[in-house]
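Open the model in a viewer and keep a selection tool at hand.

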Amino acid sequence: MAKVKYYYDSETLSYRKIKRKKTTTLKYAGAFLTAAALFGFISYFISSQYFESPKERQLSRELQNMQLQYELINKRMDDAIAALENVEERDNAIYRLYFEANPIPEEQRRAGFGGINRYKKYEGFDNSQLIAESNKRLDILEKAIVVQSKSLDEIAKLAEDKEKFLEAIPAIQPVNNLNLTRMASGYGYRTDPFTKVRKFHFGMDFTAPRGTPIYASGDGVVKRADNASTGYGNHIRIDHGYGYISLYAHLYKYNVKVNQRVKRGDLIGFVGSTGRSEAPHLHYEIFKDGERINPINFYYGNLSAEEYDKLLKKASLENQSLD
């Protein structure tokens with residue numbers, strides 16, 4: 001119960017009850033509310049400066065987690081960039097070198113990130129630099145991966161072409177060593193068996209019994225199987241592509257037809273002594289871009305180092321050829 005207050009009235013010589021006016025009450029109430037509001041605002045302001053609200057604590061944790069995630073992403077990008085740089089180095093120093101392709105310059109691998117500021121949209125935030133830098137590194141990584149992917153596609157194509165080339169190039173001795181009597185004459189100046197005049201011999205003569213199998217020295221297409229070339233008698237020409245043609249002369253008979261595709265090691269004919277020949281043997285030639293070259297350099301496919309050394313010594317002797 002509210003206390004009742006009195007005052008002494010000197011005129012009536014008595015105590016009278018103090019009656020508060022409504023306006024005064026309202027003033028007191030207004031002042032109290034104003035003071036309370038002001039106190040609450042000041043308290044809120046002070047607490048907001050020194051104490052976090054639950055919402056602020058949640059946002060702060062989310063921000064810290066985001067920064068941690070960006071740092072982890074940057075670490076993973078560091079690892080990815082290091083791995084990619086290792087692949088790029090091997091690509092330039094090994095793969096492209098082996099397949100005779102020009103290395104990809106560093107400017108080409110990292111090109112396309114100068115000029116316009118493509119990361120302006122990330123400016124104006126608390127972690128703008130971190131976000132922009134992460135996106136920039138990610139863009140560089142993606143570009144480098146695309147360049148490297150195209151390079152590996154090119155290497156795969158070069159490897160496929162290289163494999164076809166290695167299969168096509170003449171690389172084996174056309175007469176098996178088991179059937180070979182001897183290597184009678186090599187490439188170079190030799191004595192003609194008929195005129196006894198020293199002249200250039202453009203192939204190698206392999207002495208073997210009549211009917212000895214002759215094998216294709218590389219993959220290719222039979223372009224000729226006839227006796228229409230002077231001196232060669234029955235002969236076969238195989239086009240291996242890449243400018244290489246192999247010729248097999250003085251055959252007893254054929255085992256292939258014109259335009260037939262053959263693989264290295266396929267049986268194509270048999271040793272004979274047709275045409276300008278002194279005895280049964282195979283005269284073997286190799287053409288590169290229309291020029292006849294020394295076949296001695298094309299036997300790495302089926303001869304051991306010792307066998308090749310013996311063949312090389314015999315082929316270097318200037319003796320009498322058989323055709």
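Predicted model: local features only at pLDDT ≥ 70, side-chain atom pairs only at ≥ 80, totals over all residues.

Start by selecting Asp239, which stands opposite Ile245 in strand 10. Residues are numbered from 1 along each chain as its sequence is written, and side-chain values use heavy atoms, with hydrogens and water left out.

Next, select strand 9, residues 235–241. Strands here are DSSP runs of E with at least two residues, and helices are runs of H or I with at least four, numbered from the N terminus. Two strands pair if DSSP finds at least two bridges between them. Strand 8 (residues 220–226) runs antiparallel to strand 9 and is joined to it by 5 bridges. Strand 10 (residues 244–249) also pairs with strand 9 in the antiparallel sense, over 5 bridges.

Now pick Tyr242. The hairpin of strand 9 and strand 10 has 2 residues between the strands, and Tyr242 takes a positive phi near 55 degrees there. Most residues other than glycine have a negative phi.

- His250 lies in the loop between strand 10 and strand 11, with a positive phi near 70 degrees. His250 counts as buried because its relative accessibility is 1%.
- Asp289 lies in the loop between strand 14 and strand 15 (291–293), with a positive phi of about 55 degrees. Asp289 counts as exposed because its relative accessibility is 55%.

Which residues have the most contacts inside the largest nonpolar core? Select Phe206, Ile236, Ile238, Tyr248, Ile268, Leu282 and Tyr299; the core has 27 residues. A nonpolar core is a set of buried Ala, Val, Leu, Ile, Met, Phe, Trp, Tyr and Cys residues joined through side-chain atoms within 4.5 Å. Elements that each supply at least two residues of this core include strand 6 (204–207), strand 9, strand 14 (281–288) and helix 5 (305–315). Strand 14 gives the most, with 3 residues.

In strand 13, the bridge partner of Ile214 is Gly269. Strand 7 and strand 13 (residues 267–271) pair in the antiparallel sense over 3 bridges. What is the order of the 3 strands in this open sheet? The order is 7-13-11, with antiparallel pairing. Strand 7 (213–215) and strand 11 (251–254) are the edge strands, each pairing on one side only.

Finally, show the whole chain. There are 5 helices and 15 strands, and buried residues make up 31% of the 323 residues. Among contacts with a separation of 6 or more, 64% are between residues 24 or more positions apart. The accessible surface (Shrake-Rupley method, 1.4 Å probe; for residues, only the protein chains shown count as cover) comes to about 20,900 Å², of which 56% belongs to carbon and sulfur atoms.

Notes:
Buried < 20%, exposed > 50% of the residue type's maximum accessible area, 1.4 Å probe, protein only. Contact = heavy atoms within 4.5 Å.
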